[in-house]
Amino acid sequence: MTRKISSSHASKSAGAAAANDFPRPFTTVDVVIFTVLNDALQVLLVQRPSDAADPFPGHWALPGGFVNVSLDDSLLACARRKLLEKTGVASPYLEQLGSWGGASRDPRGWSATHAYFALIPAQDLALAKGANAADVAWFRVDEVLQAPQLAFDHGEILQAAVERLRSKVEYTSLPAFLLPEPFTLPQLQRMYEVVLGRPVDKSGFRTRMLAADFLEEVGHIESESNRPPMGYRLKDRSAPVYFPRTFSPRHGS
């Protein structure tokens, strides 16, 4: 027996379909991937293809791409997928940065991107440029910020990511996520100094790190010193620890 649909129900369905019939913006996720190489904070950039049919041909950009509704059940899932594609790293520190959108940021039409930043130790990174990139490479953050020529509004996004990172480093354990484990306290202090771009007062550094109770000892590690230093690793890699006060510059610097 065939069920007859009432005219009122049909009109409601048509009205609902009409209500959803509007132009939708492009939705992308971009990831600002930080590491420390050659004693400098560096960011991963991908070079866009030189095909004139694509926006910003040949320009460098942050890694990212369109949300794939069949693969990504959330923005975070999309960010993790893009990160894995570019670096081979599945579970680094990843934090949502913010959203950028507008009618003019992408010449193909109205678009919105949701940006994340990631912290990855340089050890064992395997970069992959992907099918839609001409090249992929690390760049010193400060050099990119001095003359930002990135595609879309990625220069603005990178600036926001650097400001967020350096601000949070003043009162959190974030630099530890940039180190391969195990690491020493002097190595951790140097990581703070590289990210902040200035020296850190050594006198209270060790006390603060150990008092925050986010490190665990893993035993002494090999060193040329007569007294092998103690090695440490993070107790919890899911979130940073927050300190009660910010760091002070090194005395006399």
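This is a predicted model: local features need pLDDT of at least 70, side-chain atom pairs count only at pLDDT 80 or more; totals for chains, interfaces and linings use all residues.
Local features require pLDDT of at least 70 and side-chain atom pairs count only at pLDDT 80 or more, whereas totals for chains, interfaces and linings use all residues. Residues are numbered from 1 along each chain as its sequence is written, and side-chain values use heavy atoms, with hydrogens and water left out.

Helices (H or I, at least four residues) and strands (E, at least two) are taken as DSSP runs numbered from the N terminus. The axes of helix 4 (residues 154-169) and helix 5 (residues 185-196) come within 9 Å and cross at roughly 140°; axes are lines fitted to C-alpha atoms, for helices over the stretch in contact, and angles run from 0 to 180 degrees between N-to-C directions. Helix 4 is therefore oblique to helix 5, given that angles under 35 degrees count as roughly parallel, over 145 as roughly antiparallel, 65 to 115 as roughly perpendicular and the rest as oblique. Leu-165, Arg-166 and Val-169 of helix 4 make the contact with Tyr-192, Val-195 and Leu-196 of helix 5 (contact means heavy atoms within 4.5 Å). Five of these residues are nonpolar, none is polar and one is charged; Ala, Val, Leu, Ile, Met, Phe, Trp, Tyr, Cys and Pro count as nonpolar, Asp, Glu, Lys and Arg as charged, and the others, Gly among them, as polar.

Within helix 4 lies Gly-155, which touches Pro-148 and Leu-150 when residues up to four places away in sequence are not counted. The C-alpha atoms of Gly-155 and Leu-145 are 7.3 Å apart, with a sequence separation of 10 residues. In the loop between helix 4 and helix 5 is Pro-182, joined to Glu-181 by a cis peptide bond with omega of about 0°.

Helix 5 also contributes to the second largest pocket, supplying three residues, the largest share of the lining. A pocket is an open set of points on a 1 Å grid over the protein atoms alone, where a 1.4 Å probe fits, with protein on both sides within 12 Å along at least five of seven lines; lining residues have an atom within 4 Å of a point. Helix 6 (205-211) and strand 9 (230-234), like helix 5, each supply at least two lining residues. The lining includes Leu-185, Gln-189, Phe-205, Arg-206, Met-230 and Tyr-232, and divides into six nonpolar, two polar and two charged residues.
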